[in-house]
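Hi,

Here is the structure I promised to send over. Have a look at it first, and then read on for what turned up.

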Amino acid sequence: MDGAGRLISQKLSEALGKPFVVENRSGANGMIGSELAAKSAKDGYTLMVNGANFVTTPSLYAKVTYDPIRDFEPVSLIALAPNVLVVHPSLPVNSVKELIALARARPGQVNFAGSGSGSTPHLAAELFNTLAKVDMVHVPYRGTGPAIVGLMSGEASVMFMPTTNAVPLVKSGRLRALAVTSRQRVPAMPELPTVSESGLKGYESSQWYGLFAPAGTPADLIALLNSQVVKIMQAPDMKQRMTAEGLVAVGSTRDEFAAYVKVELAKWAKVIKASGAKVD
């Protein structure tokens, strides 16, 4: 997320002729930075780049000090970061349908690696469990790197892995890719079908990055920022750079992003409740 923030701030500085300073306020699954942004002056001088944890945190934590809808003005969806559904080569499946059939035949016996409770890879698998009506079991690790090591060692058999990590491991034959988790195929792996088109209709799960301003920020400033972000993300060089990093450049209208946030908030609240996932 920090990389996305620095990239978009650099481009906005060039476009508007104004310096944009990035301040990384990490911690508590993004709550610290979100709370700071929500309480900032509504003058357009404080903006926030946030991602999927922005809409999952309210359901994962017992106490959240901001409201994702009431306290923020969506500016634009910047980019999507789909996961890749990969399996250890020892697992006898070559498609999403075969994985579902195996998981149904072996309830509670197929393990999936996750980079911590409530992480995007964890919740992507829980959404899969819910829609496919299967019971794959979460094996939590402290971060993406350890989760990948666990998968490679055979401690887990399945993972919903970030595209950037998956591409070299799949190309080398060390892991088998079944599908991507986004609504559409991704430029980094165009030959790979989506989970939805592979038989699990309606499945969609991606990390995402978007630009927000505190609620009450003047509408003309929001409109200016939106137009610049859309222009930046639609530029050929930016699309190429996003593809190289396993991302999909977007750039949306304000209304499209606002609707997207609401849908994501409701969808993940249901998944988290069904899975029982909690952070505190």
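Which side chain does the side chain of S119 make a polar contact with? The partner is the side chain of S115, at 3.3 Å. Bear in mind that this is a predicted model. S119 sits in the loop between β3 (111–114) and α5, and it counts as buried because its relative accessibility is 13%, with the cut-off for buried being under 20%.

Next comes α5 itself, residues 120–132. This helix has 13 residues and reaches 18 Å from its first C-alpha to its last, close to the 18 Å expected. Of its 13 residues, 11 are buried, so α5 is largely enclosed by the rest of the structure. Among the buried ones are H122, E126 and F128. After the helix comes K133, which has a positive phi, near 60°.

Now the aromatics. The whole structure has 12 aromatic pairs. One of them is F54 with Y66, a stacked pair with 5.8 Å centre to centre and 5° between the planes. F54 is in helix α3 (residues 53–60), while Y66 is in the loop between α3 and β2 (72–87), 12 residues apart. Both F54 and Y66 are buried.

F212 and F257 make a tilted pair, at 5.0 Å centre to centre with 50° between the planes. F212 belongs to strand β7 and F257 to helix α10, so this pair ties together parts that are 45 residues apart in sequence. F212 is buried, at 0% relative accessible area, and F257 is buried at 0% too.

Ring pairs also link F54, Y66, F72, W208, F212, F257 and Y260 into a cluster.

Cheers

Technical notes: Residues are numbered from 1 along each chain as its sequence is written. This is a predicted model: local features need pLDDT of at least 70, side-chain atom pairs count only at pLDDT 80 or more; totals for chains, interfaces and linings use all residues. Side-chain values use heavy atoms; hydrogens and water are left out. Helices (H or I, at least four residues) and strands (E, at least two) are DSSP runs, numbered from the N terminus. The expected span of a helix is 1.5 Å times one less than its number of residues. Buried means under 20% relative accessible area, exposed over 50%, partly exposed in between (1.4 Å probe, protein chains only). A polar contact is a pair of N or O atoms within 3.5 Å; within protein, one must be able to donate a hydrogen and the other to accept it, and residues adjacent in sequence count only if both atoms are side-chain atoms. Rings of Phe, Tyr and Trp (its six-membered ring) pair if their centres lie within 6.5 Å; planes under 30 degrees apart count as stacked, over 60 as edge-to-face and the rest as tilted.
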